[in-house]
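Here is a brief report on side-chain packing and ring contacts. Start with the view below, then read on.

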Amino acid sequence: MPRVLAVALPALILAGCAQTHLNASGSDSIEAPSILSMPGPTAAEDREAVALFSLLAAEMAAQSGDYAQASRYYLEAARLSDDVSVAERATRLALFARNHVRALAAAERWLTLAPESLEAMQLTAVLMLGRGQEQDAAALLRRVVGQLGSEEGYRVVLSLLVQSEDRDAALRTLEMLVDADPDEPAAWQAHAELALRYEEFHQARAVAQAGLDRFPEAVQLRMILARALTELEDPDAAMATLAAAVEAHPERRDVRLAYARALVDTEDFERIRPEFDRLLALAPDDADLLLTVALLSLEAGRFGLAGDYLERLLASGRRTHDAHYYLGRLHEQAGDLQAARRAYQALEEGEHSEDAALRLARLAADLDGLDASRELFARLQEDTDEGIALRAYIEEANLLRERGRFDQALARLARGLIQFPSSEQLLYLRGLVHERAGDVPAAEADFRTILEMDPDNVSALNALGYTLADRTDRYQEAYELILRAYEKRPDDAAIVDSYGWVLYRLGRVDEAVVQLERAYELMPDAEIASNLAVVLWELGRREESRAIIDEALQLDPDHERLLRVKRELEH
């Protein structure tokens, strides 16, 4: 029996139930065997006989798919039996039947029979928390910590509570543990970490700071504090916190790595290389750390630095698969496509092989022409792994759409949809190709097919709404579709752009410009810039409109819509 339940609650719930027909509610079940309709012995006759009858009835009900009935009988048996396995099985069945009242009763019986069982303690505590019994749950979790020791115990408590649907109750429970054990740094750390994971950043900061007031040397609390400060958009305080941690613990790799990540996030390029070198000096033979530093350099846009670290990784003879793959990515970003191809071709089988094969097919289009890429994509589209085949259709169709080869893109998508007839991704992409090709009815049909399968598909709502707003005069219908998407993702730049554009089409220009400026701030994209430029021009802000167009053309000088808007506005 596993020592710690923690992150495996679903396995506990499902174990022992997978071999029968799943019908947790008890409805539409196969008719139960006749034993369930037979009068059983009474408790007055024989306790053991009643328990045996209940067990038989429970198993027969479970085999017939009636888990509600099975859990009732098993709970009766558990109350009468001193067999721990019966109480455990009763708990599992009640959970599977989604009857948490019975599950808690069975778990408490399990704990009575096996008071040192970590599984019983953890599961009972979680069920108590769900029933609002926070103090009882906290008492059991203290027993868990007592058995496992503070460090491991509070890690387990954190992993249990982070799964709670009632976040406030979980935080209150951990607060009780801290109050009961105020001299244990691990308790404060678990409380602060839980608040951070629940995105209660102010609370995380307060708990971490209070813990540090007691334990100034608690490194993990200092790192949690820095993360909370970052989320609260106080990067200077976060950096100061991490710098103090590095100064106090210069030998700690985890602290230096957190500091290095913060330098990347704040784009403090002058200090990145020296800090990376100091970090690597702590563990010169650690290939994993070398790869991490290389990826952080890549993330910071320091391609030369990233290349140096990746070459060092290759020379070490370790993690060579990763080194070749990320060198390929680096060369792609730097525009050296031949070097990228050589790097991908050097890969042996491994984690990145599939993505590298798709990238090689796309590189072939750039280096050798579309016909050369066709052969590579076709091979991938016939792969027995459906995930690879689907990605190959999507990648090739996107490539053809970008090159304006709409008929070829539609042909590939039609073939892909024969192979994957219910693929929302292929339907969505075909709708985009139809829209670019000017076939609005066909685009609308594809987007609506997706919405029939998934009425809340945000991408389809936005795409259909934008198409109607941009290509037809059905503005009110477009507004209603885009608004549904906007309500679900109010900070998605593409959706904010659509929302601004449909407001413009409806004549609500002052509202439109606010949304379009926000969209461009979220993502300086040429498509968004083209819409914003039109609205700024109409508002008489023509110099701003020209400046937006010029700025966007520096990022994407060949963007068709942006170039068209520029021509139309100037003439």
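Which charged end sits over the ring of W501? The charged end of R561 does, 5.5 Å from the ring centre. The model is predicted. Another arginine, R72, lies over the face of Y73, at 4.6 Å from the ring centre.

Aromatic pairs come next. The count comes to eight. One of them joins Y393 and F420: the ring centres are 6.4 Å apart and the planes stand at 75°, so the pair is edge-to-face. This pair links distant parts of the chain, 27 residues apart. Y393 belongs to helix 22 (residues 386–402), while F420 lies in the loop between helix 23 and helix 24. Elsewhere, ring pairs join Y325, Y326 and Y344 into a cluster.

| Residue | Relative accessible area | State |
|---|---|---|
| R412 | 19% | buried |
| A460 | 0% | buried |
| Y393 | 1% | buried |
| F420 | 11% | buried |

R412 is at 19%, so it counts as buried under the 20% cut-off. R412 is part of helix 23 (residues 406–419). Its side chain makes a polar contact with the side chain of E396, at 3.0 Å. Beyond its neighbours within four places in sequence, R412 is in contact with R374, Y393, E396 and L400.

A460 is part of helix 26 (residues 458–471). Leaving out residues up to four places away in sequence, A460 touches Y428, F447, I450 and L451. A460 and E424 are 36 residues apart in sequence, yet 9.1 Å apart in space, C-alpha to C-alpha.

Key
Residues numbered from 1 in each chain as written. Predicted model: local features only at pLDDT ≥ 70, side-chain atom pairs only at ≥ 80, totals over all residues. Heavy atoms only, no water. Helix = DSSP H or I, 4+ residues; strand = E, 2+ residues; numbered from the N terminus. Buried < 20%, exposed > 50% of the residue type's maximum accessible area, 1.4 Å probe, protein only. Polar contact = N/O pair within 3.5 Å; in protein donor to acceptor, adjacent residues only side chain to side chain. Contact = heavy atoms within 4.5 Å. Phe/Tyr/Trp six-rings, centres within 6.5 Å; stacked < 30°, edge-to-face > 60°. Lys NZ or Arg CZ within 6 Å of the ring centre and 35° of its normal.
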